[in-house]
Amino acid sequence: MSSDTPPVLAEPEGQAPEPVRARSALTEKAGLGDRAFAGSARAAAVFILVIMAAIAGFLIYQAVNAISQDKVNFLTSFAWDPDGNNTNGVPTFGIAAIAWGTLVTSVVGVLLGAPVAIGVALFITQYVPRKLGSFFGYIVDLLAAVPSVVYGLWGLLVLDRHMSGVSKLIEDVLGWIPMFKTNGTYGSSMFTAGVVLAIMILPIVAAISREIYKQTPREQIEAAYALGATKWEMIRLAVLPYGRSGVTSAVILGFGRALGETIAVAMVLTTVPGLVTRILQPGGNTIAANIAVQFGEAFTTGRQALIASGLVLFLMTLIVNYVARLVIRRSTNKAGA
Amino acid sequence: MSLSHPSPIRKAKNTAAMAAMGLALVVALIPLVSILWTVILKGAKDFNAYFLTHSMRNVAEQQDSGGAYHAILGTLEQVGIAAAITIPLSLLVAIYLVEYGRGRLAQAVTFFVDVMMGLPSIVAGLFILSFWILGLGYQVSGFAASLALLILMMPVAIRSTEEMLRLVSPALREASYALGVPKWRTIVKVVLPTALPGIVTGMMLGIARIMGETAPVLLLVGAANSINGNPFSDPQGSLPLFVFNESQNSLQAAIDRGWAAALTLIIIVMLLNLFARLIAWWKAPAAAR
């Protein structure tokens, strides 16, 4: 991962001016160079569509192949044994358990990461001088430049040790909720994976939120102060309402990122088969981590089954990203009306 | 009176809110400091010229020997090929979207660039696996990994280039047209040079992003402990994958190599990021600094 700031959301209201379409005024017809250049640009654009179509076609073909061989319901089964290692070659695999693990780890990641990210964005834009703010922003952006395999290594060998104590504390306080009960062992859990995901989505959510909060209209800020508001009251009156939809969609985009994160989760989690509901004890699995872990030992059906699970993951992220876009679009429509 | 002197409760809330946000920044910086500190500290043990110039050929996992040369070479070749294809292609696509694109095709391309932007990297790997290896029947190779990395770099490169092209003032284009310069020469000689620093920054950030990708590479390069300079045939090493594989081993010698490889990777990625941002900062108008 690196710091690709999703620019779609951060775009200001005023669109860039339309490029000029006029041809060379002296010659009515476009010259040969013009036609060749326009043609190759258009070809490149079409090529993108061709690649996407070809690839999606192959992906769906492999996935359908796998699911047609499945002897249990792909959507509801908890098992993952596509090569039939324990069932005399009868492929049995389902998405339910790993999809559950994907959702749980990502929800934990967002619940922990988003508030911190929003706090960082508010602090950087509202409390410190502009230059210092952009310096801090750059430092937080560095988190996005750390490769996910390094997060995995750090999560496995450094963070996980510290999570045992935290997990035990949570169990002591909230152990009466079945989710937070354990069998007495901690770490390498969905909770630890969630913490790693929280750190990984933090820079993205913080960067987008920062761009949005920065654009809070000056007059609204001044108006809040004129009413005698303290700084915090001003933020609640002017900054937070202005940024609500943009920041919401930033958080949803972060959730989408968390869903697809592979290597860091695969390294941190001790994967166990079946459904895991206790998030503090070792165990659990996600779609992406399952692909990374199982791929080495998978044969033909196994690989196709992993592709089928990848297709489900792809659909999940598509839906999540679409919802994020929808949130933004609805709010801009409202503002325009 | 109450306007200029808020009540103690409001004052306390105000201070508490500020403290909470300052705390959020501190909390966000702890993992960054911890990661960099640990990687430098533990990576320094094995990080030396020997590590950078030797492969893992004939090195047993428990031996305190071997290096990452095969992996570094593999990653540089894979990323190099991906970038060599992505840069011209995404330039053309961005030019199409900004200068020519109207109607259905432009809308469809914009939509699919969005889709690619949100694509999980493991799914990009699975795409190429089902297309290139299972579909067309090629073997694992560095080039297969390049194809997956290309899919991940493309949307970043197109988006940032598109943004930079849109920033170029229409007055510049009009001035060029007024002199009778054809549209394509205007784009090549006026628009592109004006937007160049921003485009370079975007491309470098894209390269930095794919440099550290492990998930797609894991599915596509196979397993190689020896140096393979040919990305088009046979398994090839990869630096992020090397970190992953060494960390899956419980032997201390392997873990040490994993940390050293992680340090190598972080140095490369951070340098790319630093250069990219330096170019952006250096070429930005003074007011924006």
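**Figure 1. Helix H3 of chain A in the predicted model.** Helix H3 of chain A, residues 96–127, has 32 residues and reaches 45 Å from its first C-alpha to its last, close to the 46 Å expected at 1.5 Å a residue. The model shown here is predicted. Within H3(A) there is a kink of about 30 degrees at Gly113(A), shortly before the proline Pro115(A). H3(A) is mostly covered, with 24 of its 32 residues buried.

**Figure 2. Helix H2 of chain A.** H2(A) runs over residues 32–69. It has 38 residues, and from its first C-alpha to its last it reaches 55 Å, close to the 56 Å expected at 1.5 Å a residue. The buried residues of H2(A) include Phe37(A), Ala41(A), Ala44(A), Ala45(A) and Ile48(A). Further along H2(A), Met52(A), Ile55(A), Phe58(A), Leu59(A), Gln62(A), Ala63(A) and Ala66(A) are buried too. An α-helix has 3.6 residues a turn, so residues three or four places apart point the same way.

**Figure 3. Contact between H2 of chain A and H3 of chain B.** Helix H2 of chain A packs against helix H3 of chain B (residues 69–100) at an angle of about 110 degrees, and the two axes are 8 Å apart. Angles of 65 to 115 degrees count as roughly perpendicular, and H2(A) and H3(B) are therefore roughly perpendicular to each other. On the chain A side, the residues that meet H3(B) are Ala38(A), Ser40(A), Ala41(A), Arg42(A), Ala44(A), Ala45(A) and Ile48(A). Their counterparts in H3(B) are Leu89(B), Leu92(B), Val93(B), Ile95(B), Tyr96(B) and Tyr100(B).

Figure 4. An unreviewed UniProt entry gives the annotation "transmembrane region" to residues 43–64, 93–123, 135–159, 186–208, 250–272 and 305–324 of chain A. Residues 43–64 of chain A are 100% helix and 0% strand, with end C-alpha atoms 31 Å apart. For residues 305–324 of chain A the end C-alpha atoms lie 29 Å apart, and this span is also 100% helix and 0% strand.

**Figure 5. Chain A as the setting for these views.** Chain A contains 11 helices and two strands. Of the 337 residues in chain A, 49% are buried. Among contacts in chain A with a separation of 6 or more, 74% join residues 24 or more positions apart.

**Figure 6. The annotated domain of chain B.** The feature "domain: ABC transmembrane type-1" is placed by UniProt, in an unreviewed entry, at residues 72–276 of chain B. Over this span chain B is 79% helix and 0% strand, and the end C-alpha atoms are 21 Å apart.

Notes: Residues numbered from 1 in each chain as written. Chains lettered and ligands numbered in written order. Predicted model: local features only at pLDDT ≥ 70, side-chain atom pairs only at ≥ 80, totals over all residues. UniProt positions renumbered as here; feature names shortened; annotations may be inferred. Helix = DSSP H or I, 4+ residues; strand = E, 2+ residues; numbered from the N terminus. Expected span 1.5 Å × (residues − 1). Bend = angle between axes of the 7 residues up to and from the residue. Buried ≥ 20, exposed ≤ 12 C-beta atoms within 10 Å, placed from the backbone. Contact = placed C-beta atoms within 7 Å. Axes fitted to C-alpha atoms, helices over the stretch in contact; angles between N-to-C directions. Parallel < 35°, antiparallel > 145°, perpendicular 65-115°, else oblique.
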